[in-house]
Amino acid sequence: MPMYQVKPISGGRIATDLPTCMYKLPNFHTPKGNSCINEHALQNGEVDPSVRALEARQDEIMRKLYELKAAVEGLAKTVTTPDADLDLTVSSSLSSQSFSSTTFKGITDLDTVLGKDLGALRDIVINANPAQPPLSLLVLHSLLCQRYRVLSTVHVHSSASGVPPQLLSCLGPRHADSYARNMFQLGFTLIWKDVPKLQMKFSVRNMCPVEGEANVARFLFKLLAPYPSDPALATLVDNWVDTAFFQLAEGSAKERTAVLRALNSALGRNPWLAGSEFSLADVACYCCVLQSGSASSTPAHVQRWLKSCENLGHFSPAKLLLK
């Protein structure tokens with residue numbers, strides 16, 4: 001039994017010379033601990049199994065903490081947005097519907113377009129003026145719901161008043177699992193707000209807001225299918241999209257008449273505006289023809305094309321909104 005020496009110290013107390021190793025805490029964070037730890041951790045040149053088990057447990061805890069942090073950051077994308085000054089919240093998600101299938105040439109991978117974001121829901125936040133409902137976004141929303149698990153939400157900002165009931169339910173009925181964000185791939189938040197132009201925010205930290213219905217529609221369509229690889233065909237699609245929003249939707253009566261003639265000519269040669277494939281050009285032009293009130297007085301080829309669009313089923317939300 002070891003003998004310990006008692007030493008007097010100031011204040012009348014005494015101190016005992018005890019073995020140092022008995023009271024030093026292990027240092028598991030650095031490979032170089034004190035001599036007692038090295039003696040405990042190394043047995044015949046190998047790490048003690050209990051230390052290995054402790055390290056494995058620590059790694060598992062850190063992994064779970066990282067996943068939790070990513071999930072919280074994903075939730076914060078909408079919670080901390082400057083547009084969170086809301087008077088009314090209506091949570092919804094479009095239920096799966098039996099739309100006719102639309103064939104796209106390619107399938108978009110979300111990680112490729114939006115970047116990999118472990119454990120976080122990809123939130124798309126859109127500010128729209130209730131006086132100018134974005135019909136094209138409702139069509140693209142229905143297409144996104146076919147491809148992905150989309151958690152959709154409608155809000156009313158304090159700057160907007162007297163929003164009609166059909167605008168509050170434009171993304172469909174409330175989803176039964178809307179409380180569980182981890183069950184969805186995309187968050188689609190539509191905020192009715194008094195804004196001069198439609199705005200979209202995807203990542204508050206990494207990108208500036210996207211403005212204009214045409215630009216937001218391009219962004220959303222790329223989540224469904226890549227743009228044509230042929231530069232001439234991609235330019236044709238872009239030309240029709242701009243023509244729809246700047247001339248059909250905002251132009252004079254003379255400009256709308258000229259666009260309808262151009263549509264009729266193009267659709268006399270092909271079933272769709274970009275050729276044999278359905279594209280964003282058809283979505284944009286259909287919605288702008290519908291919103292301009294010209295659908296009933298269009299030329300023959302345009303009338304046939306309008307019916308072809310409606311037969312796909314994706315345009316039902318846009319038509320319901322105008323009733």
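Select K64 and E60 to begin: in this predicted model, the two residues form a salt bridge in which the closest N and O atoms are 4.0 Å apart. They sit four residues apart in helix α2, which means that about one helical turn separates them. Taken together, E60, R63 and K64 are linked in a network of salt bridges. E60 counts as partly exposed, at 34% relative accessibility, and R63 is likewise partly exposed, with a relative accessible area of 39%.

Next, select I61, M62, L65 and L68, which form a nonpolar patch on the surface with about 400 Å² of accessible area together. M62 is found in helix α2, which covers residues 49-79.

Among the buried residues are E213, F219 and F221.

From here, turn to the largest pocket, which holds about 550 Å³ of space. Of the 25 residues that line this pocket, Q132, G212, E213, F245 and E250 are the closest to its centre. Helix α6 supplies the largest share of the lining, four residues, and the lining as a whole divides into 13 nonpolar, six polar and six charged residues.

Finally, select K319 and E310, which form a salt bridge with their closest N and O atoms 3.5 Å apart; K319 is partly exposed, with a relative accessible area of 33%, and E310 is partly exposed at 32%.

How values were computed:
Residues are numbered from 1 along each chain as its sequence is written. This is a predicted model: local features need pLDDT of at least 70, side-chain atom pairs count only at pLDDT 80 or more; totals for chains, interfaces and linings use all residues. Side-chain values use heavy atoms; hydrogens and water are left out. Patches are made of residues with over 30% relative accessible area and no salt bridge: like charges are joined within 9 Å, nonpolar side chains (Val, Leu, Ile, Met, Phe, Trp, Tyr) within 5 Å. Accessible areas come from the Shrake-Rupley method with a 1.4 Å probe; for residues, only the protein chains shown count as cover. A salt bridge is a side-chain nitrogen of Lys or Arg within 4 Å of a carboxyl oxygen of Asp or Glu. Helices (H or I, at least four residues) and strands (E, at least two) are DSSP runs, numbered from the N terminus. Buried means under 20% relative accessible area, exposed over 50%, partly exposed in between (1.4 Å probe, protein chains only). On a 1 Å grid over the protein atoms alone, a cavity is a set of points where a 1.4 Å probe fits but cannot get out, and a pocket is an open set with protein on both sides within 12 Å along at least five of seven lines; lining residues have an atom within 4 Å of a point. Grid points are joined across faces, edges and corners, and a volume is the space filled by probe spheres set on the points. Ala, Val, Leu, Ile, Met, Phe, Trp, Tyr, Cys and Pro count as nonpolar, Asp, Glu, Lys and Arg as charged, and the others, Gly among them, as polar.
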